[in-house]
Amino acid sequence: EIYFDYSIMLQLPTESYFDLGYSTEVEFVGPVAQSATSTLHIQDGGTLLLSGDNSTTLEGTILVQQGALGLGHDDAAGSATIELGDPENPGEEYVALIAVDYDRTISNDVIIHGYLATEEDDFDEENELNLAGNVLLTADTRIDNFGGLLTFEGIISETTPGTHVTIDSDEPVIFQGITGFTGGLEMENGVALFADITSLPAGPIGTAFTASSTDSY
């Protein structure tokens, strides 16, 4: 684990790469700055933990190709778009978002390329993660929720009609916004909750929901 304290500001170039091995964590508590045309890449399986308020400094894209992005502040990712997975090979790599220290509500737009996991933080706390921005699914998507409650508060949309979502979850997954994927929802394990009629995913009657275990609801 490598820790950079409040006194250090990280100024990122147009393309930056964090090649972090498995079980490696690099944490920045001070400000992280990136322009609107820049991309921060996380790869090789480790965790980049952003713990400061980057609301005025961090723009562009955070692309988690393999590994995890830890969020230790609601504005840790600034106004950047969070992109999860390899767009060329959706669903092939393990990528995760981790709510650290407390429950987190982030307003960033999120693009999911086939897979999203959540995890407990370093203290084995199952913190809630609320995605208040819009979420775009670019392929059939698997969600493994191994953290706390996972809530989709914004609009979920799909790039290709008929996108299918599979959920394996220790804690409930809650849909509160407009849920716009049309290929059906499969509960492999766990519970899905829908806030109202607009949060129900569209699809042919009788084919929208399936459950593959007796412990799914």
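**Chatting through an all-strand chain**

Reader: How much of the chain is buried?
Author: Of its 217 residues, 51% are buried. Keep in mind that this is a predicted model.

Reader: OK, and how many helices and strands does the chain have?
Author: There are zero helices and 24 strands. The radius of gyration is 17 Å, close to the 17 Å the globule rule gives for 217 residues, so the chain is as compact as a globular protein of that length.

Reader: What box do the C-alpha atoms fill?
Author: Roughly 55 × 35 × 30 Å, taken along the principal axes.

Reader: Let's zoom in. How many residues of strand 6 are buried?
Author: Five of the five, residues 39–43, so strand 6 is largely enclosed by the rest of the structure.

Reader: Which residues sit on which side of it?
Author: Thr39, His41 and Gln43 are on one side of strand 6, with Leu40 and Ile42 on the other.

Reader: Which strands pair with strand 6?
Author: Strand 3 (residues 15–19) pairs with strand 6 in the parallel sense, over five bridges. Strand 8 (residues 61–64) is joined to strand 6 by four bridges, and those two run parallel as well.

Reader: Which residue is the bridge partner of Tyr17?
Author: That's His41 in strand 6. On the strand 8 side, Leu40 stands opposite Ile62.

Reader: Switching topic: in what order do the strands of the open sheet come?
Author: The five strands go 12-15-18-21-23, with parallel pairing. Strand 12 (104–106) and strand 23 (192–194) stand at the edges with a single partner strand each, so one side of each has no neighbour in the sheet. On average, neighbouring strands of this sheet are turned by 15° against each other, direction ignored.

Reader: How many bridges link strand 12 and strand 15?
Author: Three, in the parallel sense, and strand 15 covers residues 129–131. Thr105 stands opposite Asn130 in strand 15.

Reader: Now the outside. Which residues form the nonpolar patch on the surface?
Author: Ile197, Leu200 and Phe209, with about 300 Å² of accessible area together.

Reader: Where does Phe209 lie?
Author: In strand 24, which spans residues 209–211.

Notes
Residues are numbered from 1 along each chain as its sequence is written. This is a predicted model: local features need pLDDT of at least 70, side-chain atom pairs count only at pLDDT 80 or more; totals for chains, interfaces and linings use all residues. Side-chain values use heavy atoms; hydrogens and water are left out. Patches are made of residues with over 30% relative accessible area and no salt bridge: like charges are joined within 9 Å, nonpolar side chains (Val, Leu, Ile, Met, Phe, Trp, Tyr) within 5 Å. Accessible areas come from the Shrake-Rupley method with a 1.4 Å probe; for residues, only the protein chains shown count as cover. A salt bridge is a side-chain nitrogen of Lys or Arg within 4 Å of a carboxyl oxygen of Asp or Glu. Two strands pair if DSSP finds at least two bridges between them. Axes are lines fitted to C-alpha atoms, for helices over the stretch in contact, and angles run from 0 to 180 degrees between N-to-C directions. The radius of gyration is taken over C-alpha atoms; the globule rule is 2.2 Å times the number of residues to the power 0.38. Buried means under 20% relative accessible area, exposed over 50%, partly exposed in between (1.4 Å probe, protein chains only).
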